[in-house]
Amino acid sequence: EDLRIGTQFKLMTLDPHYADLGENNSLLSHIYERLVTQDAQMNPVPRLATSWKRLSETQWEFKLREGVKFHDGSPFTAQDVIYSIERIRDFLKPPSGGYQSYTQAIKSVSAPDPLTVVIETTSDIPTLPLLMTPIFIMPHKADGFATTEDLNAGARPVGTGPYKFKSWQSGETLNLEWNDAYWGGTPAWTNVTFRVIESPAARVAALATGDVDVADSIPARDVEGLEQRGVKVESAAAARSNFLQFDIGGEKPPGLTDKAGGEIKNPFQDKRVRQALTLATDRAFIADRILLGYGTAASQLFPTGLAGTSANLKVTPPDYEKAKALLAEAGYPDGFKVVLAGPAGRYPGDGESLQAIAQNWARIGVSAQPEVAPFSVFATKRSNGDYPVWYGGCSGEAVTFCLGALLGSSDNEAGTGSLNYGKYRNPAFDEMLAKAMAMDEGPDRNAAIAEATEFVMADYPMIPLYHFHLIVGHGEKVGSYAVHPRGWTTAMQAVPSGK
Amino acid sequence: MMTTIVGRLSQAFLLLLVMSVIGFAGIHSVGNPVFNIVNIETATAEDIRNATIALGLDQPLWWQYFLFMGNVVTGNFGTSYIYHLPAFSLVMSKLPATFELASTAMLIAAPCGTLLGLLAGRRQGGLLDRIVLNASVFALSIPSFWLSMMLILLGALAMGWFPSSGRGETVSLLGREWSFLTFDGLSHLALPALALAIPKIALIARLARAGTIEVESQDFIRFCRAKGLSARRVLFRHTLPNISIPIVTIVGMQFGGMLAFAVVVETIFAWPGVGKLLIDSIQLLDRPVVMATLAFVAVAFVGLNALVDLTYAALDPRVRLSA
Amino acid sequence: MKAETLRTLWRYPWQHRFSLSLVLLAAYILLALAAPFIAPQNPYDPLQIQAWEASSPPGTVSGVGYAYLLGTDGLGRDIVSTILYGLRLSLLVAVTSTAIAAFIGLTLGVSAAYFGKWADALIMRIVDLQLSLPTILVALIAIVTLGPGVDRIILAIVIVQWATYARLARGVALSEIGKPYLDAARLLRLPTHRILFRHLLPNSIAPAITLIPIELGHAVALEATLSFLGLGVPIDKPSLGSTVANGFQYLLTGQYWISLFPGLALFGLIASINFVGEDLRRRLDPRRRSHGA
Amino acid sequence: MAHDNTRDPLLMVSNLTLKHRTPAGATTILHDVSISLQRGEVLGLIGESGAGKSTLGNAILGLLAADFERTAGTILFDGKTLDGMDEHQWAEIRGRRISAIFQDHTASLDPLMAVGPQVEEAILANNDKTLRKEARAMALDLLVRVGIPDVRERYDNYPHQFSGGQRQRIVIAIALAGAPDIIIADEPTSALDATVQKQILALLRELVDETGVSIILVTHDMGVVSDITDRVVVMRHGKVVESGVTASVLDAPQRTYTRSLLAAVPRLRLSDSPAEHVAETDTPPILAARGVAKTFSSGFAWFRRKAHKSALRNVSVVLERGAITGIVGESGSGKSTIGRIIAGLETANSGNLDIDGRRFDISRPGRRSGLLGEVQMIFQDPAISLNPRMPIGETLRESVRFGSRQSGDPRQDVVNMMDRLQLAHSLLGRYPHQLSGGQKQRICIARALLAGPRIIVADEPTSALDVSVQAEIVALLKENVAERAISMLFISHDLALVQALCSSIYIFKDGEVEDAGPSEFIFSRSQNPYTRSLIDARPKRFTH
Ligand SMILES: Nc1ncnc2c1ncn2[C@@H]1O[C@H](COP(=O)(O)OP(=O)(O)OP(=O)(O)O)[C@@H](O)[C@H]1O
Ligand SMILES: Nc1ncnc2c1ncn2[C@@H]1O[C@H](COP(=O)(O)OP(=O)(O)OP(=O)(O)O)[C@@H](O)[C@H]1O
Ligand SMILES: [Mg+2]
Ligand SMILES: [Mg+2]
């Protein structure tokens, strides 16, 4: 049977290693497969690799699946893994971006036998399997690495995935047909058509009229109407969070004054101020009213329950009295004026949240001026340090990434602090996190991460706001659809209703 | 005549040059494209730096411009930061969709609008006039995203006559994919074309109506009546040419506008056109694509407006053209 | 303006059919001016907003006393108040920008036609340039380089809109240029501005006048679009246009009031401006009385 | 011609009263007007400018503006009323039963349609069985009959490419196209020189005799009235003052108004009695145009082949200081063209122009050569030379303010001028289209005079004026010339008027000066055959 999917993700390139964007990953995962993927709890699970084990501090061995064939009939071997990793590490030049960070630490890849790969890293990387989850395996070519241009120029992309490439139109459509020789059994759908429909309203309409069988990123407000029309809707909290970040490093950040407009010292350097603002932020309101319940109020960076999260962190209801008292204690009894910046319409509920927060903060005397800008303007200004407080988002293959990027001190070696625009520094936390990350996969490691999280959140370095839910709707043809917290939209997640 | 053409061409060339400076400096002033190229949520600082260097964005602006223009001279607008496709061919690949949508909309709007305007203006205050006036106010006051949604609600959701979005089946002609050649494609074309056409109908009808009222009161129209011409002939052979200069002007401009800026409709109907590409590229600061699109749009407008100017001279023998 | 014109304008509503649209427009302006005094809530003041009363349907009585006649939006702002306050901004932005754009456009358009040659070429190429520059880019550049602000939005809209008037007026003026009444004006060696503004312009702007109320509507929509992208008025001080644009998402949901009422208000505003514009056009046309069949 | 007045008239207007409504109130334009027209009869309609003659014509054709209201009266055509007809029925009447020649001939032609097709479509509209091909042949024929030169070449020219008189004849051709029963001819020959006028009148007469068409001929030219009409109706102030058989009205007018009207008719003196004369002086002429040549190129330069039309060939005109020099000649001979060149509104291909000792380069546009504004002009087509969107009052005040740049009270000057021109002050608030033909023409005269120029080119300034107003204007012009030292080029086809005003005269023919000399020489002694034919073509009655 044929499946038509309306997606907000526009496929921009056929090079699976070009840009690490959900857009590309989602659609290309039909054609290409990874050695390892993640389950709904974000734990690594086997795919093209059947098992892996750590040979030493810096050596990992992956056993490859037998009998896997590429769409062109050639067998899948260790050579292909080596080729793919080396292509990312050595061949692709920026701006093709994002993937290098996964291969950076890989010193060499070797193949003791055709179905075994040994990866040697420069340092001790306990989460190497996780680092393999974004990497698509391409068939190796004898005559050097394939260029992005070649791949885009219509040479059929060939992978091991359950669906074969038929045709595409950059940013418009992607047509796939099933790979009946798929190692994991015959795929459920004969033909799959992806149609890029970026406007949410149009996606909803297309789903409602039956123009498509599945549509992703359904706005929460449309769920009710869709259900009335007999469309089924599934959702899951995304492995990500949206939050407010403070400029903590700057002495006198722009956009921050006292009530009369006079200059003041950066109040966010005082933990009590940060705590007060956290206390004054009504996260439940945002989750319930702005996201209409399709959001979970956040107390940490990934939804509670996912690997590495803490069960002890709770979202407390706002306490304006206490917040006021804390502010006064910190020397701001009258509050202050601050610009509350954010991107316009990049995340569900971004602009509205800023306004709701401004309303909240007004009650403790902090007058916040929400200021939204197109994302590119926002991002540039944020990295220039033009904002005192801003709204941001983080996602990744594991919560450790976000912890390190957002709250870790800026450190290129460790790869932390890349999103720490506010220059928050907490050496104790840095150390705890580093320690936890050096541990092997497993409950201990997760507990250590949770502990580090609890520790750092007690310093109120940021205000986690919410984890929005990914909402997918589907018509009658589809019996069920498993929403993945990473936000991928694939035909593999859709189960035909007959089965 | 030769000098006129040469004059026009050199003016167009200058215009493109100015355009390129504005586009280049404009994009630069807005922000750093790198943040849109790498996944800002997962990229490291080094990723960002590498990408910046790789794109040459660390160079001084004038040098970047110089390099860019050097490439443009050889017909190369560069590679899209986002799509990693040659920018110019990316724009060209959107052209058929845009062109058929804009043309269909204009082919509906221009005759309908003119006809309605003529008939309404001929009997100012009459029933048809009042209907046209009120309906046009309605059509012009309603935001285009509302109108598009209404059309989807009505034509697709409630009635199920037309598909709600997309281009439908296409056929290859002259090496490009066209929808207007298949029935399925046409039915996909219907709603977006209507969404574009309705405000244009109203606009043109208003212009035509105002012109008709003005022209119909003139002596030569009275004389046409005295000559015994039928009402229809007066309307179409005398009134129409005399109101056509503003209409031609607007049709030209609106057509250009639809080619380049029909963003809302293209977005809501998921119609893969130039307008959407341009807006996206601007928002993503995909400079090569923005520049290539701007060049296309400028050429389109210069061409259309030159055509409109020629039409003036063909319509009105009193109009003299300067270069 | 000439006394005759003023008199006809003044006399019009009372002498002819009572002009509903004029009254409506006047009411809009009054409401906009009086917004701070009559609105039950100041929707721009976060302290007056009861967030927990967000998305209340019309008629809900607020915890602090007044009734939300038209309900509240997703953030708890009273729709009535939002409309009233938004009206002020929308009117300000739309009217100012349209007036400036029309003035500049018409002047440049007829000048181009009148002076011809290189002046025409120059002005018309600028028009071409302007027409091919996307609004968003113009707005982005204006707002990024000059900073946000209502005047910047007005500027952006003016930059976007003047070209249409210019081209339209030029086209008509071109065919007007050769007429003897202009020869007569030239013979009198009238100052150029007088020839342009008193002779050429009035005879070339009939189509453009039709355009003005339409462009006014566009200006409102444009401002809303810019706001939607974060390039317009601050999001917590929504204009009428941006209220509608934001509420648009709720159109298909049960919370129809968030978008519907502001939409109706906006529609009424644009419609009344259009009708008043139409009346004006008729008033100002000396030959307005059509010859009978 | 004898008429059987007992037969039912073809057209009968009885007790027609028309009001014009404005927000300020209603004015009566026609008051209790009754006329009747027999088959094959030519009815002259004469009277004061603004009397309501054109309005009456429009009323008959049902072409009045919507703000006119008929408060009383009936119009019967062929025994049936024309009231309450829809447009379809009117189309059956207009053109093929009753056709019209409008007074404002230029404004009557569609500026965007070539003239040939405009005639053609009238033929097609009114002759059901005619084919396109035949229509074209018929149109060509009609245009030849009304005396358009080079018809074949000019068939596809646009109205603005013709001279005033040619346009008028095109309008006449259109009116004849439907072979109607009645032609309402509103000043059909006002822009025509005597020979062409004679030709046109002969054509009309021929039609009357051959086809039995009836004509209502509105005119102020008493010569025409006496030559061609069977009966006349005299109108004034919207009322019929007098009516009767032409000869008896002209010979024995009953009413004072008619008498004064007839008395005011300028007569051409062919005797030697010298006209008053400006003394020949040795002062250099104020204006001298020498060797002027002008070629018009027509056709759309980009698409079509250019056609060249030579309008002036080596023309020289000299204007003495403080004198009125007449230019008379064939319609289409280049009179307006030389006037426009002198005023700086048109470029010449060659030739030069001296004004007051200063030389101007007339091959360049007036704006550049500085010529523009040195000379004021009274345009031939008053209907289109007034700004349609400017009230009359402002037009005139503007002229005072910017023309002479005197520091006086423009308002007072304007009011005085209105009085001199016998125009009601109430006209000041009106727009051009609300005036009668003669009123517009007088406004144009006023505009030129109020500008206080040194030189005026007057292009047929009195063609739409009745003789009594004309007499007043002549006096006014003379006065201005004398008092304010204005020099004037007076383009006219009215020989009597030219004789009364001008000290010297140029006779134009076919783009060249055919004859020239002092006034009395031209009228009395010139042996030039064309000059003689012009003079001879004058209707005899008012020639002495
Ligand atoms: N559209 C109009 N609105 C108001 N008044 C008008 C209009 N048309 C004509 N009039 C007035 O009606 C009167 C009669 O005008 P009409 O044109 O019939 O005069 P006429 O006898 O043809 O004069 P002329 O010989 O000057 O052409 C004039 O006083 C004129 O000012
Ligand atoms: N713009 C033009 N293009 C082409 N031919 C023209 C143009 N203007 C005038 N002509 C021609 O030039 C000749 C002279 O025209 P002009 O108007 O000077 O005649 P005129 O002597 O004033 O005639 P009339 O007495 O009929 O007004 C005519 O044959 C006319 O057709
Ligand atoms: Mg008249
Ligand atoms: Mg002439």
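Biologist: Before we start, what should I know about the numbering and the model?
Modeller: Residues count from 1 along each chain as its sequence is written, chains are lettered from A and ligands numbered from 1 in the order in which they are written. The model is predicted, so local features need pLDDT of at least 70 and side-chain atom pairs count only at pLDDT 80 or more, while totals for chains, interfaces and linings use all residues; side-chain values use heavy atoms, with hydrogens and water left out.

Biologist: OK, how many residues do chain C and chain D put into their contact?
Modeller: Chain C gives 33 and chain D gives 43, with contact meaning heavy atoms within 4.5 Å.

Biologist: And how many salt bridges cross that interface?
Modeller: The rule finds 5, where a salt bridge is a side-chain nitrogen of Lys or Arg within 4 Å of a carboxyl oxygen of Asp or Glu. One of them pairs D:Arg340 with C:Asp183, at 3.2 Å from N to O.

Biologist: Which helix of chain C gives the most to the side that touches chain D?
Modeller: That's H7(C), with 6 residues. Helices here are DSSP runs of H or I with at least four residues, and strands are E runs of at least two, numbered from the N terminus.

Biologist: Switching to ligand 2, which residues are closest?
Modeller: Among the 22 residues that surround it, the closest are D:Arg154, D:Gly165, D:Ser331, D:Ser336 and D:Thr337. A residue counts if one of its heavy atoms lies within 4 Å.

Biologist: Which D:Thr337 atom lies 2.4 Å from a ligand 2 oxygen?
Modeller: A polar side-chain atom. D:Gln380 also has a polar side-chain atom, 2.7 Å from an oxygen of ligand 2.

Biologist: How much of ligand 2 does the protein bury?
Modeller: Taken alone, ligand 2 exposes 630 Å², and the protein buries 93% of that. Those areas come from the Shrake-Rupley method with a 1.4 Å probe.

Biologist: What about ligand 1, which residues come nearest there?
Modeller: Of 19 residues around ligand 1, the nearest are D:Ser49, D:Ser54, D:Thr55, D:Gly438 and D:Gln439. A polar side-chain atom of D:Ser54 is 2.5 Å from a ligand 1 oxygen, and the side chain of D:His20 has an N or O atom 3.0 Å from a ligand 1 nitrogen.

Terms used:
A polar contact is a pair of N or O atoms within 3.5 Å; within protein, one must be able to donate a hydrogen and the other to accept it, and residues adjacent in sequence count only if both atoms are side-chain atoms.
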